[in-house]
Amino acid sequence: MIHPRYMPLVLKQLVRQRARTVLTALGVAVAMFLFVTVEALQRGVAAATELTGREVTLVVYRQNRFCPFSSRMPDSYAPRIARIPGVAAVVPMKIVVNNCSASFDTVTFRGVPREKAESITDGFTVVSGSLADWQRRSDAALVGETLALRRGVQTGQTLAAAGVTVYVAAIIRSEDPQDQNVAYVDLPFLQRAATRGGDGIVTQFNVLVDDPARLERVADAIDAEFARDAEPTTTRPEKAFVARAAHDLVQIVGFTEYLGLAALAAVLALVGNAIVLSVQDRVREHAVLQTLGFRSGLIARLIISEGVALCCAGGVLGVAAAVALLHFSRFSLSVEGVNLNVRADPAAAVLGLAVAAGVGVLAGLVPAFQASRREIAASFRAV
Amino acid sequence: MSEPLIQCRSLTRTYTRGTETITPLERLDLDVMPGEFLALMGPSGSGKTTLLNLIAGIDRPTSGTLHIGGIDVGGLSRSRLADWRSRAVGYIFQLYNLVPVLTAYENVELPLLLHRMSGADRHSRVAAALDLVGITDRADHYPRQLSGGQEQRVAIARAIVADPAILVADEPTGDLDKASAAAIMELLGRLSREAGKTLIMVSHDPACAAHAGRILHLDKGRLVEHAAATVGAAGVTT
């Protein structure tokens, strides 16, 4: 926008009003912190709930039940589901949670048959411990990294929640936020340990479909298979299932978009005001620069660059704070046994910085235009 | 005989302030030769600064023509006029008007930022200008760390660094003590004599004006009197 040889002039003008610059940059930082946090929240929700057309996993749930506490189906449904054309694999799953409502600290146990272990551990990275340990002990658990860090448990220790106590055999890392926030245990163990349900009862079936194009047809076929059973089912793609389970949460997160926009509007007003004041203080100085031969357009670009520099300084501070907080606090929103990760990914951080720079440009536009249109001689007469 | 560098014909400048129309300069004719040192004198409101601003290209005539170096300055667009100023005119203000956040060196460097040249060229020209005005040892000082006389020397260095043909000075000694004023006038005289700059200066002080080769008196926007001056080693006679 301006040649680098003019940058010292821009930066020195910001340093000139140190207190005003620092306070404005801090204001920008707070707003950009809020913006990036909201953005991370929305990206977390989008990643967990938006269908991409490449989905191959269905979740079979008890019809008209919306919580793991009330969804109960016999595990004998598994072989009947497996026979439906298009089904590649079926994993019966018992879900036990310590809190069914929305919470930042929900512990979710997922009971899966050991013989199906491969279908769930595919894609896991073992951070510590071993999968062999998990196979050996009946009360062993594979604990997601986020859950382990949040609860402060390590391999070899026990994790207790919802009346279930497990031995941490391994800590695993996964791209899927659901896996990052759960403890996988042996299905029969969880069926015995859980206070609700019992032997032969599961909460849901996770069904792998051989072709994403057949996802809906297979879902309809599964629901049709059990329509006349005592426990009819509702089958949805996994992300649609998460979106339904977290419906209230998704709406609230959607509303936070307005908070992010309000933060941007506040920054715009704050920086705009700071630049207007700064430009008003320098009417004579801009007239001098024009006298030296600085074109009006260059004066305007210098002023806009001040806004950009100010917003970038605050933006870097705010974005770094948001990224650090979200990284180290490992927020995870859980509701009805499904988890939404809140993590500031690089795209959110880059977007935050780009938005900060854009706000800087917008904030500088009006004062830049005003300063560039002033007549030189009139400016000298006015001050 | 060479052509005039500056030619004003029926030069008029009118301002409107509310419902009132003010004419600080009215149908002025003036020729200024290359290398001439011209002083403009007159009471406040006589149109001296208005004429200076028109010649410097920071104001535009309401009517009449102003040709400088063969260019119709009044007819240039805003951008071309800015480019022309950066090449052709150096302005010396009464209150110096240095940028307070920049050092003396950086202030002098400002006009050169507009010209295509290497950093080394820029440095050597700034160093030469600071040397010429005798302020090299204050290059790293900020304006607030300089005396009035030193600030005006920096302002003169800034005015000459791009090697313009014309220097305009609006009461360059108006804010200085006698000793500093004398030193500044000596410097301006030297720039006119030795560097061949065409120098147009507004002054209320007859002693300063007497350094000029020609003195013009203005009153109510009109030229009222011409006086020739000869600069001597010890003083001035008119």
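Okay, salt bridges across the interface of chain A and chain B: the rule finds three, a salt bridge being a side-chain nitrogen of Lys or Arg within 4 Å of a carboxyl oxygen of Asp or Glu. One pairs B:Asp83 with A:Arg295, with the closest N and O atoms 2.5 Å apart.

Quick caveat: this is a predicted model, where local features need pLDDT of at least 70, side-chain atom pairs count only at pLDDT 80 or more, and totals for chains, interfaces and linings use all residues. Side-chain values use heavy atoms, with hydrogens and water left out, residues are numbered from 1 along each chain as its sequence is written, and chains are lettered from A and ligands numbered from 1 in the order written.

So who sits on the chain A side? The elements giving two or more residues there are H1 (7-16), H12 (283-292), H13 (296-329), H14 (346-373) and H15 (376-382) of chain A; helices here are DSSP runs of H or I, at least four residues, numbered from the N terminus. H12(A) gives the most, seven residues.

Now the totals. 26 residues of chain A are in contact with 27 of chain B, contact meaning heavy atoms within 4.5 Å. The two chains bury about 2,400 Å² between them, 59% of it on carbon and sulfur atoms; that's accessible area (1.4 Å probe) lost on being put together, summed over both.
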